[in-house]
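Please keep the sequence and the model side by side while reading.

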Amino acid sequence: MVILADGMGGHRAGNIASEMTVTDLGREWINTDYTELSQIRDWLLVTLEAENRKVYELGQTDEYKGMGTTVEAWQLLITMSSMLTLGIHALVCSTKENTNC
């Protein structure tokens, strides 16, 4: 899986939000064994929603007030590519064997 996140320009702690999002999604992904497009799509929707809540809740604190990030995630399957697009930047590659390829 390839995950890109970019802290939203002009928002406090966007760099924190993007790093947290990429790290959390990568950590969650390596604990899966999904191979079907529908499984991956469902996992992305559920996991991104949970991460969104986590970033939002942290963004309610005084230190991180208003922080946010965009995110994109791709998973290449043998015959097709699954892509959920919600944003752009800070490239991190995550595989089952190595979370920092």
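Tyrosine 64 sits in the loop between α2 and β2; helices here are DSSP runs of H or I with at least four residues, strands are runs of E with at least two, and both are numbered from the N terminus. The model is a predicted one, in which local features need pLDDT of at least 70 and side-chain atom pairs count only at pLDDT 80 or more, while totals for chains, interfaces and linings use all residues. Residues are numbered from 1 along each chain as its sequence is written, and side-chain values use heavy atoms, with hydrogens and water left out.

Not counting residues up to four places away in sequence, tyrosine 64 touches Arg12, Ala13, Ile16, Leu58 and Gly59, where contact means heavy atoms within 4.5 Å. Alanine 13 is 51 residues from tyrosine 64 in sequence, but the C-alpha atoms of the two are 5.8 Å apart in space.

A further loop residue is leucine 77, placed between β2 and β3 (81-85). Leucine 77 counts as buried because its relative accessible area is 16%; buried means under 20%, exposed over 50% and partly exposed in between, with a 1.4 Å probe and protein chains only. With neighbours within four places in sequence left aside, leucine 77 is in contact with Thr35, Leu37 and Ile40. From leucine 77 to threonine 35 the C-alpha distance is 7.4 Å, across a sequence separation of 42 residues.

Leucine 37 and leucine 76 lie 9.6 Å apart, C-alpha to C-alpha, and are 39 residues apart in sequence.

Threonine 47 is also placed in helix α2. Is threonine 47 buried or exposed? Threonine 47 counts as buried because its relative accessibility is 13%. A polar atom of the threonine 47 side chain lies 2.7 Å from the backbone oxygen of tryptophan 43. Apart from its neighbours within four places in sequence, threonine 47 contacts Leu25 and Glu28.

Next comes the chain as a whole. The protein chain has two helices and four strands, and from the N terminus on its elements run β-α-α-β-β-β. Of its 101 residues, 36% are buried. Among contacts between residues at least 6 apart in sequence, 65% join residues at least 24 apart. The accessible surface of the chain comes to about 6,300 Å², and 55% of that belongs to carbon and sulfur atoms; the areas come from the Shrake-Rupley method with a 1.4 Å probe.

A pocket is an open set of points on a 1 Å grid over the protein atoms alone, where a 1.4 Å probe fits, with protein on both sides within 12 Å along at least five of seven lines; lining residues have an atom within 4 Å of a point. Its lining consists of 17 residues, of which Leu48, Glu51, Asn52, Val55 and Thr69 lie nearest the centre. The elements that give two or more residues to this lining are α2 (37-58) and β2 (69-76). Helix α2 supplies the largest share, seven residues. By type, the lining of the largest pocket divides into seven nonpolar, eight polar and two charged residues, with Ala, Val, Leu, Ile, Met, Phe, Trp, Tyr, Cys and Pro counted as nonpolar, Asp, Glu, Lys and Arg as charged, and the others, Gly among them, as polar.

Conventions:
Polar contact = N/O pair within 3.5 Å; in protein donor to acceptor, adjacent residues only side chain to side chain.
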